[in-house]
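Visitor: Hi! I have a structure open here and some quick questions. Could you walk me through it?
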Amino acid sequence: MHRYSANYIYPINGVPIRNGIVVIDNSRKIVEIVDPKGNEKEYESMEFYNGVIVPGFVNAHCHLELSHLKGRLEKSDGIAGFVSQIRNLRGDSEGLIRSSITQAISTLELNGTVAVGDICNTADSFSFKQASNLHFHNFIELFGLLEDDAEARFVNAKLLLNETLPLQSTSSLAPHSPYSISDRLWGFISDELHKSDSIVSIHYGESLQEYSFLMNRTGLLAESFKALGISDGIALGITPFEVVKKYLPHASPTLFIHNTFVKRDEVRGIIKHFDKPYFVLCPTSNLFIEGCLPDIPMLMNEGACIAVGTDSLASSNTLSVFDQILIILEKFSALTFDDAIKWATLNGAEALGVESIYGSLEKGKSPGLNLITNFDFSLMKPTKMSRVRRLA
Ligand SMILES: [Zn+2]
(Lines give C-alpha, C1' and ligand atoms only; values in the text may rest on other atoms or scores of the structure.)
Protein backbone atom coordinates (compact mmCIF):
# COMPACT_ATOMS: atom_id res chain seq x y z
CA MET A 1 0.00 0.00 0.00
CA HIS A 2 1.26 3.52 -0.87
CA ARG A 3 -0.09 6.83 0.41
CA TYR A 4 0.35 10.05 -1.56
CA SER A 5 -0.60 13.45 -0.26
CA ALA A 6 -0.15 17.07 -1.31
CA ASN A 7 -1.48 20.53 -0.42
CA TYR A 8 -4.54 19.59 -2.47
CA ILE A 9 -5.70 16.55 -4.35
CA TYR A 10 -8.08 16.99 -7.26
CA PRO A 11 -10.39 13.98 -7.44
CA ILE A 12 -12.15 15.62 -10.49
CA ASN A 13 -15.46 13.97 -9.62
CA GLY A 14 -15.63 16.21 -6.54
CA VAL A 15 -14.12 19.38 -5.05
CA PRO A 16 -10.36 19.60 -4.34
CA ILE A 17 -9.40 18.09 -0.97
CA ARG A 18 -6.94 20.02 1.19
CA ASN A 19 -4.14 17.73 2.35
CA GLY A 20 -6.10 14.82 0.88
CA ILE A 21 -4.52 11.39 0.70
CA VAL A 22 -4.70 8.91 -2.16
CA VAL A 23 -4.11 5.33 -1.10
CA ILE A 24 -3.11 2.92 -3.86
CA ASP A 25 -2.22 -0.76 -3.83
CA ASN A 26 0.76 -2.39 -5.53
CA SER A 27 -1.13 -2.63 -8.82
CA ARG A 28 -1.68 1.16 -8.65
CA LYS A 29 -5.39 0.77 -8.05
CA ILE A 30 -6.95 3.34 -5.72
CA VAL A 31 -8.22 1.71 -2.53
CA GLU A 32 -9.15 4.85 -0.64
CA ILE A 33 -9.34 8.65 -0.87
CA VAL A 34 -8.95 10.25 2.55
CA ASP A 35 -10.25 13.72 3.42
CA PRO A 36 -8.56 14.59 6.74
CA LYS A 37 -10.91 17.59 7.21
CA GLY A 38 -8.24 19.49 9.13
CA ASN A 39 -7.43 16.49 11.25
CA GLU A 40 -4.14 15.56 9.60
CA LYS A 41 -2.42 12.46 10.87
CA GLU A 42 0.98 10.99 10.15
CA TYR A 43 0.68 7.71 8.30
CA GLU A 44 3.37 5.18 7.89
CA SER A 45 4.75 5.17 4.34
CA MET A 46 3.02 8.41 3.33
CA GLU A 47 4.71 10.70 0.84
CA PHE A 48 3.72 14.37 1.10
CA TYR A 49 4.41 16.74 -1.79
CA ASN A 50 4.17 20.49 -2.23
CA GLY A 51 1.72 21.08 -5.04
CA VAL A 52 -1.47 19.40 -6.22
CA ILE A 53 -2.11 15.80 -7.18
CA VAL A 54 -4.32 15.16 -10.21
CA PRO A 55 -5.19 11.99 -12.16
CA GLY A 56 -3.11 10.96 -15.21
CA PHE A 57 -3.81 12.99 -18.35
CA VAL A 58 -5.76 11.81 -21.37
CA ASN A 59 -4.52 13.01 -24.75
CA ALA A 60 -7.61 12.68 -26.92
CA HIS A 61 -5.91 13.53 -30.21
CA CYS A 62 -2.42 12.64 -31.38
CA HIS A 63 -0.71 11.31 -34.52
CA LEU A 64 2.27 9.32 -33.23
CA GLU A 65 3.28 8.21 -36.70
CA LEU A 66 4.07 11.83 -37.65
CA SER A 67 6.54 12.22 -34.75
CA HIS A 68 9.52 12.19 -37.13
CA LEU A 69 8.33 15.55 -38.51
CA LYS A 70 9.02 17.36 -35.23
CA GLY A 71 10.37 20.86 -35.85
CA ARG A 72 10.61 20.33 -39.61
CA LEU A 73 7.59 22.30 -40.82
CA GLU A 74 7.55 26.03 -41.35
CA LYS A 75 4.87 28.07 -39.64
CA SER A 76 2.59 28.52 -42.64
CA ASP A 77 -0.48 30.38 -43.76
CA GLY A 78 -3.08 27.90 -42.69
CA ILE A 79 -4.19 24.36 -43.40
CA ALA A 80 -3.47 24.32 -47.17
CA GLY A 81 0.20 25.22 -46.61
CA PHE A 82 0.45 22.72 -43.77
CA VAL A 83 -1.01 19.85 -45.82
CA SER A 84 1.29 20.54 -48.77
CA GLN A 85 4.38 20.64 -46.51
CA ILE A 86 3.42 17.25 -45.04
CA ARG A 87 3.01 15.90 -48.58
CA ASN A 88 6.48 17.13 -49.55
CA LEU A 89 8.15 15.56 -46.49
CA ARG A 90 7.07 12.00 -47.27
CA GLY A 91 9.82 9.45 -47.69
CA ASP A 92 11.69 9.42 -44.37
CA SER A 93 13.46 6.19 -43.47
CA GLU A 94 11.62 3.53 -41.55
CA GLY A 95 14.32 3.67 -38.87
CA LEU A 96 13.73 7.37 -38.23
CA ILE A 97 9.95 6.93 -38.20
CA ARG A 98 10.17 4.07 -35.71
CA SER A 99 12.69 5.69 -33.36
CA SER A 100 10.62 8.91 -33.34
CA ILE A 101 7.51 6.98 -32.33
CA THR A 102 9.35 5.24 -29.46
CA GLN A 103 10.69 8.57 -28.26
CA ALA A 104 7.24 10.17 -28.49
CA ILE A 105 5.68 7.41 -26.39
CA SER A 106 8.30 7.87 -23.65
CA THR A 107 7.64 11.62 -23.75
CA LEU A 108 3.92 10.97 -23.29
CA GLU A 109 4.69 8.83 -20.26
CA LEU A 110 7.04 11.42 -18.78
CA ASN A 111 4.38 14.11 -19.26
CA GLY A 112 1.95 12.14 -17.12
CA THR A 113 -0.25 10.83 -19.93
CA VAL A 114 -2.13 7.59 -19.30
CA ALA A 115 -4.41 7.27 -22.33
CA VAL A 116 -4.19 8.46 -25.93
CA GLY A 117 -6.53 8.72 -28.90
CA ASP A 118 -4.11 8.22 -31.79
CA ILE A 119 -4.77 8.68 -35.48
CA CYS A 120 -3.26 5.95 -37.67
CA ASN A 121 -2.75 5.83 -41.42
CA THR A 122 -0.21 3.02 -41.16
CA ALA A 123 0.74 0.18 -38.80
CA ASP A 124 4.00 1.97 -37.88
CA SER A 125 3.03 2.60 -34.26
CA PHE A 126 1.28 -0.67 -33.39
CA SER A 127 4.18 -2.72 -31.98
CA PHE A 128 5.40 0.22 -29.85
CA LYS A 129 1.95 0.75 -28.40
CA GLN A 130 1.78 -2.93 -27.56
CA ALA A 131 5.00 -2.63 -25.57
CA SER A 132 3.78 0.46 -23.68
CA ASN A 133 1.78 0.70 -20.45
CA LEU A 134 -0.38 3.50 -21.82
CA HIS A 135 -3.89 2.89 -23.10
CA PHE A 136 -4.28 3.62 -26.81
CA HIS A 137 -7.34 3.98 -28.95
CA ASN A 138 -6.30 3.70 -32.60
CA PHE A 139 -8.38 5.82 -34.94
CA ILE A 140 -7.81 4.26 -38.36
CA GLU A 141 -8.05 7.27 -40.60
CA LEU A 142 -9.76 7.51 -43.96
CA PHE A 143 -9.56 10.26 -46.53
CA GLY A 144 -9.68 10.58 -50.31
CA LEU A 145 -11.32 13.11 -52.61
CA LEU A 146 -11.39 10.94 -55.73
CA GLU A 147 -14.39 8.75 -56.46
CA ASP A 148 -12.31 6.14 -58.31
CA ASP A 149 -10.20 4.82 -55.47
CA ALA A 150 -12.84 5.15 -52.75
CA GLU A 151 -13.47 1.42 -52.43
CA ALA A 152 -9.76 0.56 -52.41
CA ARG A 153 -9.12 3.13 -49.67
CA PHE A 154 -11.96 1.73 -47.61
CA VAL A 155 -10.74 -1.87 -48.02
CA ASN A 156 -7.21 -0.83 -47.00
CA ALA A 157 -8.48 0.92 -43.89
CA LYS A 158 -10.48 -2.17 -42.92
CA LEU A 159 -7.34 -4.30 -43.37
CA LEU A 160 -5.41 -1.92 -41.12
CA LEU A 161 -8.24 -2.08 -38.58
CA ASN A 162 -8.00 -5.89 -38.65
CA GLU A 163 -4.30 -5.65 -37.89
CA THR A 164 -5.18 -3.98 -34.58
CA LEU A 165 -7.42 -6.85 -33.46
CA PRO A 166 -4.70 -8.84 -31.64
CA LEU A 167 -3.46 -5.68 -29.88
CA GLN A 168 -4.40 -4.64 -26.36
CA SER A 169 -5.46 -1.23 -27.63
CA THR A 170 -8.97 -0.46 -28.86
CA SER A 171 -9.59 0.74 -32.42
CA SER A 172 -12.18 2.16 -34.78
CA LEU A 173 -12.45 3.81 -38.19
CA ALA A 174 -12.10 7.60 -38.31
CA PRO A 175 -13.02 9.83 -41.26
CA HIS A 176 -10.33 12.54 -41.57
CA SER A 177 -12.49 15.64 -42.04
CA PRO A 178 -15.61 16.96 -43.78
CA TYR A 179 -13.51 18.42 -46.64
CA SER A 180 -11.26 15.48 -47.51
CA ILE A 181 -13.67 12.63 -48.27
CA SER A 182 -15.60 12.00 -51.49
CA ASP A 183 -19.31 11.24 -51.27
CA ARG A 184 -18.57 7.72 -52.51
CA LEU A 185 -15.99 7.06 -49.77
CA TRP A 186 -18.39 8.56 -47.22
CA GLY A 187 -20.96 5.98 -48.37
CA PHE A 188 -18.67 3.10 -47.34
CA ILE A 189 -17.60 4.77 -44.10
CA SER A 190 -21.10 5.73 -43.10
CA ASP A 191 -22.47 2.21 -43.65
CA GLU A 192 -19.70 0.75 -41.54
CA LEU A 193 -19.99 3.29 -38.72
CA HIS A 194 -23.76 2.79 -38.51
CA LYS A 195 -23.20 -0.95 -37.95
CA SER A 196 -21.37 -0.35 -34.68
CA ASP A 197 -21.40 2.06 -31.78
CA SER A 198 -17.64 2.52 -31.81
CA ILE A 199 -15.97 5.87 -31.12
CA VAL A 200 -15.71 8.26 -34.07
CA SER A 201 -13.11 11.00 -34.47
CA ILE A 202 -13.09 13.71 -37.14
CA HIS A 203 -11.05 16.89 -37.64
CA TYR A 204 -13.64 19.65 -37.62
CA GLY A 205 -13.66 23.41 -38.15
CA GLU A 206 -9.88 23.54 -38.17
CA SER A 207 -9.71 26.29 -40.77
CA LEU A 208 -11.94 28.77 -42.57
CA GLN A 209 -10.73 27.17 -45.81
CA GLU A 210 -12.75 24.09 -44.92
CA TYR A 211 -15.96 26.14 -45.02
CA SER A 212 -15.18 28.04 -48.23
CA PHE A 213 -13.99 24.89 -50.00
CA LEU A 214 -17.16 22.96 -49.18
CA MET A 215 -19.53 25.85 -49.83
CA ASN A 216 -18.22 27.24 -53.10
CA ARG A 217 -14.74 25.81 -53.94
CA THR A 218 -12.95 29.03 -53.11
CA GLY A 219 -9.94 29.65 -50.89
CA LEU A 220 -6.48 28.17 -50.53
CA LEU A 221 -7.60 24.56 -50.01
CA ALA A 222 -9.65 24.67 -53.22
CA GLU A 223 -6.70 26.23 -55.06
CA SER A 224 -4.23 23.67 -53.75
CA PHE A 225 -6.45 20.72 -54.79
CA LYS A 226 -6.87 22.36 -58.20
CA ALA A 227 -3.12 22.81 -58.58
CA LEU A 228 -2.64 19.12 -57.85
CA GLY A 229 -5.23 18.25 -60.48
CA ILE A 230 -7.56 16.65 -57.93
CA SER A 231 -11.19 16.82 -58.99
CA ASP A 232 -13.10 16.12 -55.83
CA GLY A 233 -16.18 13.96 -55.56
CA ILE A 234 -17.99 16.08 -52.98
CA ALA A 235 -21.36 17.72 -53.63
CA LEU A 236 -21.05 21.50 -53.88
CA GLY A 237 -22.60 23.89 -51.38
CA ILE A 238 -22.64 21.84 -48.19
CA THR A 239 -21.45 22.95 -44.75
CA PRO A 240 -19.13 20.89 -42.51
CA PHE A 241 -22.04 20.41 -40.11
CA GLU A 242 -24.29 19.12 -42.92
CA VAL A 243 -21.56 16.62 -43.85
CA VAL A 244 -21.22 15.16 -40.34
CA LYS A 245 -24.99 15.18 -39.82
CA LYS A 246 -25.49 13.32 -43.08
CA TYR A 247 -22.84 10.63 -42.67
CA LEU A 248 -22.01 10.06 -38.99
CA PRO A 249 -24.21 7.98 -36.68
CA HIS A 250 -25.72 10.32 -34.09
CA ALA A 251 -25.63 7.74 -31.30
CA SER A 252 -21.88 7.01 -31.33
CA PRO A 253 -19.46 8.94 -29.11
CA THR A 254 -17.93 11.45 -31.55
CA LEU A 255 -14.75 13.46 -31.08
CA PHE A 256 -14.77 16.73 -33.02
CA ILE A 257 -11.12 17.72 -33.25
CA HIS A 258 -9.93 21.38 -33.23
CA ASN A 259 -13.15 23.48 -33.55
CA THR A 260 -10.97 26.52 -34.17
CA PHE A 261 -13.55 28.24 -36.37
CA VAL A 262 -16.71 26.58 -35.17
CA LYS A 263 -19.60 29.01 -34.69
CA ARG A 264 -22.19 29.04 -31.94
CA ASP A 265 -24.96 27.77 -34.25
CA GLU A 266 -22.82 24.82 -35.31
CA VAL A 267 -22.03 23.92 -31.71
CA ARG A 268 -25.73 24.02 -30.90
CA GLY A 269 -26.49 21.88 -33.96
CA ILE A 270 -23.84 19.32 -33.03
CA ILE A 271 -24.96 19.12 -29.40
CA LYS A 272 -28.59 18.76 -30.45
CA HIS A 273 -27.96 16.15 -33.14
CA PHE A 274 -25.26 13.97 -31.57
CA ASP A 275 -25.86 12.01 -28.37
CA LYS A 276 -22.26 12.13 -27.13
CA PRO A 277 -20.22 14.86 -28.83
CA TYR A 278 -16.80 15.81 -27.46
CA PHE A 279 -15.07 19.01 -28.55
CA VAL A 280 -11.35 18.28 -28.50
CA LEU A 281 -9.01 21.27 -28.28
CA CYS A 282 -5.39 21.18 -29.52
CA PRO A 283 -4.11 24.71 -28.74
CA THR A 284 -0.41 24.39 -29.69
CA SER A 285 -1.35 22.99 -33.10
CA ASN A 286 -4.04 25.64 -33.70
CA LEU A 287 -1.56 28.39 -32.90
CA PHE A 288 1.03 26.85 -35.26
CA ILE A 289 -1.28 26.22 -38.21
CA GLU A 290 -3.87 29.00 -37.99
CA GLY A 291 -2.46 31.37 -35.37
CA CYS A 292 -5.62 31.39 -33.27
CA LEU A 293 -7.62 29.39 -30.75
CA PRO A 294 -11.24 28.22 -30.61
CA ASP A 295 -13.79 30.40 -28.81
CA ILE A 296 -13.56 28.35 -25.62
CA PRO A 297 -15.86 30.57 -23.49
CA MET A 298 -18.55 30.16 -26.19
CA LEU A 299 -18.09 26.37 -26.19
CA MET A 300 -18.47 26.35 -22.40
CA ASN A 301 -21.47 28.62 -22.61
CA GLU A 302 -23.18 26.18 -24.93
CA GLY A 303 -22.50 23.32 -22.53
CA ALA A 304 -20.01 21.59 -24.86
CA CYS A 305 -18.16 18.65 -23.36
CA ILE A 306 -14.52 19.64 -23.89
CA ALA A 307 -11.48 17.36 -24.01
CA VAL A 308 -7.83 18.05 -24.84
CA GLY A 309 -5.35 16.72 -27.40
CA THR A 310 -1.94 17.74 -28.65
CA ASP A 311 -2.18 16.84 -32.35
CA SER A 312 1.09 15.61 -33.90
CA LEU A 313 4.65 16.78 -33.45
CA ALA A 314 4.44 18.04 -37.05
CA SER A 315 2.29 20.96 -35.87
CA SER A 316 2.89 20.97 -32.11
CA ASN A 317 6.24 21.26 -30.34
CA THR A 318 4.90 19.29 -27.39
CA LEU A 319 2.90 16.16 -26.62
CA SER A 320 2.13 17.43 -23.12
CA VAL A 321 -1.55 17.81 -22.28
CA PHE A 322 -0.52 20.02 -19.36
CA ASP A 323 1.15 22.46 -21.80
CA GLN A 324 -2.21 22.74 -23.59
CA ILE A 325 -3.91 23.55 -20.28
CA LEU A 326 -1.34 26.25 -19.49
CA ILE A 327 -1.98 27.92 -22.87
CA ILE A 328 -5.75 27.77 -22.41
CA LEU A 329 -5.56 29.27 -18.91
CA GLU A 330 -3.19 31.99 -20.09
CA LYS A 331 -5.30 33.02 -23.11
CA PHE A 332 -8.64 32.80 -21.30
CA SER A 333 -7.84 34.12 -17.85
CA ALA A 334 -11.43 33.84 -16.59
CA LEU A 335 -11.31 30.05 -16.91
CA THR A 336 -10.66 28.05 -13.78
CA PHE A 337 -8.14 25.25 -13.33
CA ASP A 338 -11.04 23.13 -12.03
CA ASP A 339 -12.66 23.33 -15.48
CA ALA A 340 -9.52 22.79 -17.51
CA ILE A 341 -8.19 19.88 -15.47
CA LYS A 342 -11.48 18.03 -15.98
CA TRP A 343 -11.11 18.41 -19.76
CA ALA A 344 -7.58 17.00 -19.56
CA THR A 345 -8.59 13.99 -17.50
CA LEU A 346 -12.18 12.78 -16.98
CA ASN A 347 -13.71 14.20 -20.17
CA GLY A 348 -10.92 12.71 -22.28
CA ALA A 349 -11.33 9.36 -20.53
CA GLU A 350 -15.07 9.42 -21.26
CA ALA A 351 -14.43 10.37 -24.88
CA LEU A 352 -12.18 7.32 -25.28
CA GLY A 353 -14.59 5.10 -23.32
CA VAL A 354 -12.09 4.35 -20.53
CA GLU A 355 -13.61 6.32 -17.66
CA SER A 356 -14.02 3.17 -15.55
CA ILE A 357 -10.20 3.07 -15.21
CA TYR A 358 -8.91 6.58 -15.90
CA GLY A 359 -9.85 10.23 -15.51
CA SER A 360 -10.62 10.68 -11.79
CA LEU A 361 -9.31 9.76 -8.36
CA GLU A 362 -11.94 7.26 -7.30
CA LYS A 363 -11.81 3.98 -5.43
CA GLY A 364 -11.38 1.08 -7.85
CA LYS A 365 -9.83 3.12 -10.66
CA SER A 366 -6.16 3.06 -11.73
CA PRO A 367 -5.92 6.54 -13.21
CA GLY A 368 -2.24 7.28 -12.56
CA LEU A 369 -1.16 10.13 -10.27
CA ASN A 370 0.47 13.37 -11.40
CA LEU A 371 1.99 16.03 -9.19
CA ILE A 372 1.80 19.65 -10.35
CA THR A 373 4.41 21.81 -8.65
CA ASN A 374 4.74 25.60 -8.26
CA PHE A 375 0.98 25.93 -7.95
CA ASP A 376 -0.54 29.30 -7.06
CA PHE A 377 -2.75 28.48 -4.09
CA SER A 378 -4.24 31.98 -3.88
CA LEU A 379 -5.64 31.69 -7.43
CA MET A 380 -5.86 27.89 -7.34
CA LYS A 381 -4.11 27.79 -10.70
CA PRO A 382 -0.81 26.53 -12.05
CA THR A 383 1.85 29.10 -12.94
CA LYS A 384 4.33 29.34 -15.80
CA MET A 385 6.83 27.72 -13.45
CA SER A 386 4.57 24.72 -12.83
CA ARG A 387 5.82 21.33 -13.86
CA VAL A 388 4.24 17.90 -14.00
CA ARG A 389 5.82 14.91 -12.35
CA ARG A 390 4.37 11.45 -12.57
CA LEU A 391 4.04 9.95 -9.07
CA ALA A 392 2.38 6.62 -9.90
ZN1 LIG B 1 -4.95 15.85 -36.17
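Visitor: How many salt bridges are there between domain 1 and domain 2?
Guide: The count is 0 salt bridges between domain 1 and domain 2. Keep in mind that this is a predicted model.

Visitor: Where do the domains run, by the way?
Guide: Domain 1 covers 2-54 + 368-390, and domain 2 covers 57-351. Their C-alpha centres are 32 Å apart.

Visitor: How many residues of each domain are in contact?
Guide: On the domain 1 side 16 residues are in contact with 20 residues of domain 2.

Visitor: What area do they bury between them?
Guide: About 1,400 Å², with 70% of it on carbon and sulfur atoms. Ile-12, Lys-381 and Arg-390 supply 37% of what domain 1 buries against domain 2, more than any other three residues.

Visitor: New topic: how many aromatic pairs does a search of the whole structure find?
Guide: It finds 12 aromatic pairs. One of them is Tyr-10 with Phe-375, an edge-to-face pair at 6.3 Å centre to centre and 65° between the planes.

Visitor: Where in the chain do Tyr-10 and Phe-375 sit?
Guide: Tyr-10 is in the loop between β1 (2-9) and β2 (17-18), while Phe-375 is in strand β15 (residues 375-376). They are 365 residues apart, so to speak a link between distant parts of the chain.

Note on methods. Residues numbered from 1 in each chain as written. Predicted model: local features only at pLDDT ≥ 70, side-chain atom pairs only at ≥ 80, totals over all residues. Heavy atoms only, no water. Domains from an automatic or database assignment. Contact = heavy atoms within 4.5 Å. Buried area = accessible area lost by both parts, 1.4 Å probe. Salt bridge = Lys/Arg side-chain N within 4 Å of Asp/Glu carboxyl O. Phe/Tyr/Trp six-rings, centres within 6.5 Å; stacked < 30°, edge-to-face > 60°. Helix = DSSP H or I, 4+ residues; strand = E, 2+ residues; numbered from the N terminus.
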